[in-house]
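Biologist: Before the discussion starts, please display the model. I shall then ask on what grounds each description rests.

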Amino acid sequence: MSANINTSAQGKRARKIPHTDEHRPKFIHQLANGGAETWLSAIIFGFGSFVNGQIIKGLLYLASEVGFILFYLTFGWGYVKDLLTLGTVQQGWVFNEAIGIDELAAGQNSMLILLYSVLTIATLVPLFMIWRNSVKSSYLAHERKLAGIKQPTFLKDVKTLLDLRYHMTLMSLPLITLTLFTALPIIFMVAIAFTNFDATHQPPGKLFTWVGLTNFRNIFFDNPKYKNSFGGILTWTFIWAIFATVTNYLLGMILALMINKQGIKLKKLWRTCFVITIAVPQFVSLMLVSRMFADTGIVNETLKNWNWIKDPIKFLTDPTLARIMVVIINMWVGVPYTMLMTTGILMNIPADLYESANIDGATAYRQFVSITLPYMLFVTGPYLITTFVGNINNFNVIYLLTSGGPLNQNYYQAGDTDLLVTWLYKLTVDRSDYNLASAIGIIIFVIVAAFSLLAYNFTGSVKKEDQFS
Amino acid sequence: MSTREIEHVGLSHSMKRRKQITNAAIYVTLSLLCIFWLLPIAWLVLSSLRGETKEMYTSYIIPKQFTLWNYTSLFTDTKLFSFPRWYLNTLLVAVCSCAITTFLTLMVAYTYSRLRFKWRKRFMNISLVLGMFPGFMSMIAIYHFLKAIGLNQSLVALIIVYSGGAALGYYVAKGFFDTVPKALDEAASIDGLTRNGIFWKIILPTSMPIVAYTALTAFIAPWVDFIFVSVIMKDNYANYTVARGLYMMIDREHMSEYYTRFCAGAVLVAIPITALFIKMQKYYVSGVTGGAVKG
């Protein structure tokens, strides 16, 4: 399929030459049938293009090879050679006999060794691709020569970048940013999970090194405090995600049903009233709400003034109450959102279903349970799972409302309302326990991946299954 | 026929009454909910206009004295917190990252939607997997990387952070491009347009709503984020963005003095974003539910 599109315009030429793109000869095949210049192209990049008259192309291949070699010699190897140990020379005081005092001698920086090693190893991928292309274009040039076809000029090659190979032009920049700022950082952090890069091993003063699965063993079995924190926080994360998702979903849908009910006027005004709360940045609205419910906040002060209470209610500082409060306040944030999302879908429910239910005398509650809910669950299943995953990682609501507090003495650097993701944040930003944080990040990834897979399969089944009936 | 008509009238009469009662109940519920939902926002706006600036909380909601001082002093009193500077920082970062993000996102979306090549499926799967890692994880590494090349605590670093993940956020735009009829491309191709030409002259002009949506969401991000700024800027107050700066205004140290001014600043940030959001909510909805809703 893709081969066809890639070569469709080259079609005329392609048909004359055997073993071109369309047949996708294997790499070995290219080497075997590409003549001596193809063999040399595997060692000296661009050699085949060069001898076949594609001078600029050949030079570019060669220049990239030289560039890569220089990069490895002058920069990459200096870090990669220490990758297995992550450095052995620690920064420290060394006695300088000439002056007669201790001097601070620079040591190796484990963090930089790991960071640049990941970068260097990652450059093997483009190197491999250029190497592969060097052989391939040499082979193609050789075939063209045998068939007596004129080699395309460099200008012509460049022009295909705007048409036949336009995907290369468009993808190159996004791929570079994606690799540099998303993929490599993630690989680096995954590697960190297998080191002891914690608060007591901070470069440049200290070295850190590989420790295998120790961090995971600590979280799951060995370290009672870690184990305790992880178990507690994981459980709460799931409880939170379930409650936050279900409450928002049901209430948002009920709100949408109320606004869209026949005979209710000013629909647009009602909708806008609720939508405004989504539009106000969360750091503003949530900070504000958390201040309202503080021990000396406006809610407690007002209740005191009315003589309803004597001592402030510990809305956000009592463990259980704080957990209930974050779920309730989250409704304030999330219900309008669900309302907005479900409005369109609710309109699509076949009206005759309700009509016949009405004639049968079904109550509104009965209609909701037997018609609306099953239909909505069927259509919005994937959205529901995505929301659930989003709630597992709902950093803003928790961090802005309680900052994970109240602090739990049995936990390691965490509080009763902390989710895994806010715990991760605290461990990195407040504590610099990067190894533990990375291990937790990987665990979050596994959880998220599992549920996303579920959502994906759900979508698949919805697509296959024809109609809701 | 006639009996059914009579039945129908009788039924609709009692139903009409019932309907009126339910509707009244719904109006009451909606009004109550609206009050509940808008109260914090009303409180924010009223606090920003409050003349009694020395008190952090008042037990009454409507201020005794109205003033615009909170707003003006944000721009005049820049001794400790330089709101104008933060505002310009945010504007600069937002404009740059908006331009970069929009370009990258649309390029990727168009490629995945229209061009077929060997690695297409694989790239999309890799993107999906990368998107499942928590954002902070890459954040920390980026911070160390920027520090190693001496870019940390700078606005450039912030632009990089906000636009670095652009290639992952193509879903909404791709969904939109998918709905643009392929016949347009084919016709243009017959007329001799290259794929480059089709992208610029056919697809982009017919997809202006999604261009606007992508640009706006990218533009809004720096105004509302305070986490990435915290990690990148640490204590470099001068390079804070509005969100991070306002966040600092109500920490324990400064809250009592700056509370009303925080409210004023928050209103200044919220107004344009709210306006943009209400304008763009249609695309927002279709973007999020696009995968879920059939036909």
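Modeller: The accessible surface of chain A comes to about 22,900 Å², and carbon and sulfur atoms hold 67% of that area. Such areas come from the Shrake-Rupley method with a 1.4 Å probe, and for residues only the protein chains shown count as cover. This is a predicted model, in which local features need pLDDT of at least 70 and side-chain atom pairs count only at pLDDT 80 or more, while totals for chains, interfaces and linings use all residues. Residues are numbered from 1 along each chain as its sequence is written, chains are lettered from A and ligands numbered from 1 in the order in which they are written, and side-chain values use heavy atoms, without hydrogens and water.

Biologist: Why is chain A called more spread out than a compact globule?

Modeller: Chain A has 21 helices and 2 strands, where helices (H or I, at least four residues) and strands (E, at least two) are DSSP runs numbered from the N terminus. Its radius of gyration is 31 Å, well over the 23 Å that the globule rule gives for 469 residues, so chain A is more spread out than a compact globule. The radius is taken over C-alpha atoms, and the rule is 2.2 Å times the number of residues to the power 0.38.

Biologist: What separates the centres of domain 1 of chain A and domain 2 of chain A?

Modeller: The domain assignment gives domain 1 (2-170) and domain 2 (215-464) in chain A, with bounds from an automatic or database assignment. Taken over C-alpha atoms, the two centres are 48 Å apart.

Biologist: What makes B:Thr111 count as buried?

Modeller: Buried means under 20% relative accessible area, exposed over 50%, and partly exposed in between (1.4 Å probe, protein chains only). B:Thr111 has 0% relative accessibility and therefore counts as buried. This residue lies in helix 3 (residues 83-114) of chain B. Leaving aside residues up to four places away in sequence, B:Thr111 touches A:His167, A:Leu170, A:Met171 and B:Phe117, a contact being heavy atoms within 4.5 Å.

Biologist: How do you know how chain B stands against the globule rule?

Modeller: Chain B has 13 helices and 0 strands. For its 295 residues the globule rule gives 19 Å, whereas the radius of gyration is 26 Å, well over that value, so chain B is more spread out than a compact globule. Its C-alpha trace spans about 75 × 65 × 35 Å along the principal axes. Of the 295 residues of chain B, 49% count as buried.
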